[in-house]
Structures are given as C-alpha cells and as structure tokens.
Amino acid sequence: MLRCRTLALMLLALVVAGAAPAQNKPQKNTQPDPVFEPFKAEKSVEVGMYYLKKKNYDAAIERFQDALRFKPGFARPHLLLGRAYEKKGELEDSILQYAAYLEILPNAEDAKKVRKKIAGLEKKLERERTRRSRSNRDA
C-alpha cells in the first residue's frame, strides 16, 4: 500500500513537473506563419490600396504585407509595397520590393517601367548618400 502511494505521488510529481513551462525553451517566433488564403490576400490588397490613396502609407504597408503572408509569391503586393515605401521616402525598401516583384514576374507588362523606376531610385539614393557624406564632412 505504501509503495502504491509513493508511486502515485512520484507519478503526480512527474505530471506536474511536465506541465510546468520549461525555463530554457526558445521564444516562439512573433511573426505569424504564412497561410494560403488567396481571398484574404486580395482583400488585403484592396484595403492597402485604399490606405495608399489616403496617403496612410504605414497602414498600406501593413495590408500589403498581410497579403504576402496570406498568399506567398503574390507579385502585386510587392509592386504596391515598392510604391508605398517610395512615397514614404524609404528608398532602399522600395527598391527591394520592386526587385522582388520583378523576380516573381520578370516578363510582366510593366517590367520595363519597374526596372526604370529602380534605376531612378538607385540614382536618387546615391545622390542622397553623397549629400549626406558631404554634409558630414562639412560639419
């Protein structure tokens, strides 16, 4: 009888210890896993377009990123992210998104226009960097 009680207590202790959260477990990724939901992706693009037209670039960027999470490999949100980042003045991010668009659709109807846009943004970015380095030297 004593052995049964001891065994039951040991088993209970193991169950309780196993239920307690581990101290050294790595933190879970804060980014949600991609989920294939094309309808939600399209809706996110629509909402993002609304915010883009209202010049609420941060909200537009969030919606376009949602669209990519709902439908990875969807080219249009990359193009629109490029536009939103450009309007926001974040040229490096804009260039990256335009390039991602071209990576997915290298022969898109507007590919030539997007390549031209990238080249223009790269020149503008270089001019800004040159201006900053000159002002830093003068200061």
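**Ground rules.** I am working from a predicted model, where local features need pLDDT of at least 70 and side-chain atom pairs count only at pLDDT 80 or more, while totals for chains, interfaces and linings use all residues. Residues are numbered from 1 along each chain as its sequence is written, and side-chain values use heavy atoms, with hydrogens and water left out.

**Entry 1: helix α3.** I began with helix α3, which runs over residues 57–70. Helices here are DSSP runs (H or I, at least four residues), numbered from the N terminus. The 14 residues of α3 reach 20 Å from first C-alpha to last, close to the 20 Å expected at 1.5 Å a residue; the expected span is 1.5 Å times one less than the number of residues.

Next I looked up its buried residues (under 20% relative accessible area; exposed is over 50%, partly exposed in between, with a 1.4 Å probe and protein chains only). Among them are Tyr57, Ala60, Phe64 and Phe70. What do the buried residues of α3 pack against? I found α2 and α4 (75–88).

**Entry 2: Leu52.** Leu52 sits in helix α2 (residues 38–53) and is buried, at 11% relative accessible area. I listed its contacts (heavy atoms within 4.5 Å). Leaving aside neighbours within four places in sequence, Leu52 touches Tyr57, Ala60, Phe64, Arg83 and Ala84. Arg83 is 31 residues from Leu52 in sequence, and their C-alphas are 8.7 Å apart in space.

**Entry 3: Gln97.** Is Gln97 buried or exposed? I found Gln97 buried, with a relative accessible area of 17%. Gln97 belongs to helix α5 (residues 91–104), and its contacts beyond four places in sequence are His78, Leu81, Gly82 and Tyr85.

**Entry 4: salt bridges.** How many salt bridges does the structure hold? I noted 10, each being a side-chain nitrogen of Lys or Arg within 4 Å of a carboxyl oxygen of Asp or Glu.

- Lys88 pairs with Asp58, with the closest N and O atoms 2.4 Å apart. This pair links distant parts of the chain, as Lys88 is in helix α4 and Asp58 in helix α3, 30 residues apart.
- Lys88 also bridges to Glu90, with the closest N and O atoms 3.2 Å apart. Lys88 is partly exposed at 35%.
- Arg132 pairs with Glu128 at 3.4 Å between the closest N and O atoms. The two are 4 residues apart in helix α6 (residues 111–138), so about one helical turn separates them.
- Glu62, Arg63, Asp66 and Arg69 are linked in a salt-bridge network.
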